[in-house]
Amino acid sequence: MSVRVGPSQEEIRRQNLGALLRYVHLHGPTSRSELTTALGLNRSTIGALTSDLAAAGLVSEVAPRETGRAGRPSPVVRPESTRVYTYAYSIEVDRLRAARVGLGGIVLDRRECPRPRGLMAAGTVPLLAKLVKEMQESVPARSVYVGAGVAVCGMVRHEDGLVRLSPHTGWVDEPLGEVLADELGCGSPVFVGNVADVSAFAEHRRGAAVGCDNVIYLYGDVGVGAGIIAGGRRVTGHGGYGGEAGHMVVRPNGRPCNCGSRGCWETEIGEHALLRAAGREGNGGHEAVLAVVDAANRGDAVAQAALRQVGDWLGFGVANLVNIFNPEMVIFGGTLRDLYLAVAARVRSQLNSIALPACREHLRLRTPELGQDAPLIGAAELAFERLLADPLGAVP
């Protein structure tokens with residue numbers, strides 16, 4: 001009979017180091033006394049862990065502000081946000097964005113440039129590297145780079161960052177993670193995720209969905225994807241391809257979709273669907289969507305009818321997702337944010353008609369608190385995970 005051996009003292013110490021660093025990363029500067037309560041550890045253990053993290057340059061301690069209370073004030077532990085950082089990238093249909101994000105989720109610097117249509121990974125990566133080079137000029141000495149994260153519109157194989165399919169950028173089996181890691185040449189890993197998934201991750205950790213463990217984040221531009229949080233965990237599926245809600249077939253034998261199927265949800269609620277219904281085909285992009293909303297607000301009957309049509313389909317799909325996942329919150333991001341704000345009443349009406357009462361009774365519909373930064377913050381969080389799991393092992 002085998003005897004189960006519990007974790008060693010060193011393993012427990014490393015787990016506690018990760019728990020402490022994760023707490024200040026997510027909550028910001030925190031007093032030692034608060035950490036003692038939050039983590040369930042004694043004061044001497046918190047002191048020792050803080051000293052180890054400070055010696056590694058990951059946190060620092062500062063004197064607290066005067067509280068007027070009796071007794072010795074507890075030192076405040078804060079993440080070294082300006083020293084410890086990741087690079088985060090967002091590869092979108094018509095633009096590329098990059099940011100340097102410090103420990104604690106603070107955006108320290110950012111850059112962006114247009115993305116030419118039809119550009120493959122091999123052509124995209126040098127443009128991202130150029131944005132990074134511009135940001136590196138202002139990186140303080142003795143800073144610590146801990147990895148990079150990428151948000152991309154497409155199906156991503158989580159084990160190696162291969163973009164299996166991104167119909168609206170024209171990518172098929174593009175080895176983005178590998179190519180970007182080679183281009184950066186820093187020896188740190190590059191983590192790649194679907195834009196909806198990483199945006200859901202960001203909003204769950206730092207935005208509208210903090211405290212909600214069951215969340216659906218819908219991201220729209222030309223296509224539509226979903227990031228799903230269930231029981232506090234990201235639901236990405238076996239290979240990483242979960243959450244492709246835009247390719248849920250809602251109208252069999254409907255319009256052809258770029259994925260090769262017909263009647264996918266994104267053919268009814270995506271950017272092209274709205275512009276087609278409004279008689280504005282040929283235009284495209286976020287500004288074109290806003291123009292339809294503005295025209296409807298000014299009384300344009302065709303634009304109003306287009307919004308009603310697309311709004312009904314939006315509510316139809318959301319109702320089905322609500323029945324399947326029973327989320328506490330649905331967040332509408334990308335161009336779906338502007339669409340939802342214009343058709344919120346129709347979405348709610350569809351929910352009331354289709355969704356089961358038990359599944360929708362506590363549902364909240366929201367827009368992203370992090371706005372357009374959600375993909376960048378989420379990509380950075382992917383990169384920070386390795387550090388938070390083993391703070392001393394991940395520091396160069």
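Colleague: How many salt bridges does the count come to?

Modeller: This is a predicted model. A salt bridge here requires a side-chain nitrogen of Lys or Arg within 4 Å of a carboxyl oxygen of Asp or Glu. By this rule, the count comes to 22.

Colleague: Which residue meets the side chain of Arg95 in a salt bridge, and in which strand does that partner lie?

Modeller: Arg95 counts as buried, because its relative accessibility is 18% and the cut-off for buried is under 20%. Its side chain meets that of Glu112 in a salt bridge, at 3.4 Å from N to O. The pair links distant parts of the chain, 17 residues apart, with Arg95 in strand E5 and Glu112 in strand E6.

Colleague: How many residues apart in sequence are the parts that Arg206 and Glu381 tie together?

Modeller: The closest N and O atoms of the Arg206 and Glu381 salt bridge are 2.8 Å apart. Both Arg206 and Glu381 are buried. Arg206 belongs to helix H6 and Glu381 to helix H13, so the parts tied together are separated in sequence by 175 residues.

Colleague: Is Arg298, the salt-bridge partner of Asp294, buried or exposed?

Modeller: Asp294 and Arg298 form a salt bridge whose closest N and O atoms are 2.9 Å apart. Asp294, at 40% relative accessibility, counts as partly exposed. Arg298 has 62% relative accessibility, and the cut-off is over 50%, so Arg298 counts as exposed.

Colleague: What is the nearest side chain of opposite charge to Arg100?

Modeller: Arg100 lies in strand E5, which spans residues 95-102. Its contacts beyond four places in sequence include Tyr85, Leu108, Asp109 and Met135. Arg100 is buried yet has no salt bridge, because a salt bridge needs the atoms within 4 Å and the nearest side chain of opposite charge is 5.3 Å away; that residue is Asp109.

Colleague: Which strand gives the most to the lining of the largest cavity?

Modeller: The largest cavity has a volume of about 50 Å³. Among the residues lining this cavity are Asn194, Asp197, Ala226, Gly227 and Ile228. The lining divides into 3 nonpolar, 6 polar and 1 charged residues. With 3 residues, the strand that gives the most is E13.

Colleague: Which helix supplies the largest share of the lining of the second largest cavity?

Modeller: The second largest cavity holds about 40 Å³ of space, and its lining divides into 5 nonpolar, 2 polar and 1 charged residues. Helices H8 and H11 each supply at least two residues of that lining. The largest share, 3 residues, comes from H11.

Terms used. Residues are numbered from 1 along each chain as its sequence is written. This is a predicted model: local features need pLDDT of at least 70, side-chain atom pairs count only at pLDDT 80 or more; totals for chains, interfaces and linings use all residues. Side-chain values use heavy atoms; hydrogens and water are left out. Helices (H or I, at least four residues) and strands (E, at least two) are DSSP runs, numbered from the N terminus. Buried means under 20% relative accessible area, exposed over 50%, partly exposed in between (1.4 Å probe, protein chains only). Lys and Arg count as positive and Asp and Glu as negative; His and the chain ends are not counted. Contact means heavy atoms within 4.5 Å. On a 1 Å grid over the protein atoms alone, a cavity is a set of points where a 1.4 Å probe fits but cannot get out, and a pocket is an open set with protein on both sides within 12 Å along at least five of seven lines; lining residues have an atom within 4 Å of a point. Grid points are joined across faces, edges and corners, and a volume is the space filled by probe spheres set on the points. Ala, Val, Leu, Ile, Met, Phe, Trp, Tyr, Cys and Pro count as nonpolar, Asp, Glu, Lys and Arg as charged, and the others, Gly among them, as polar.
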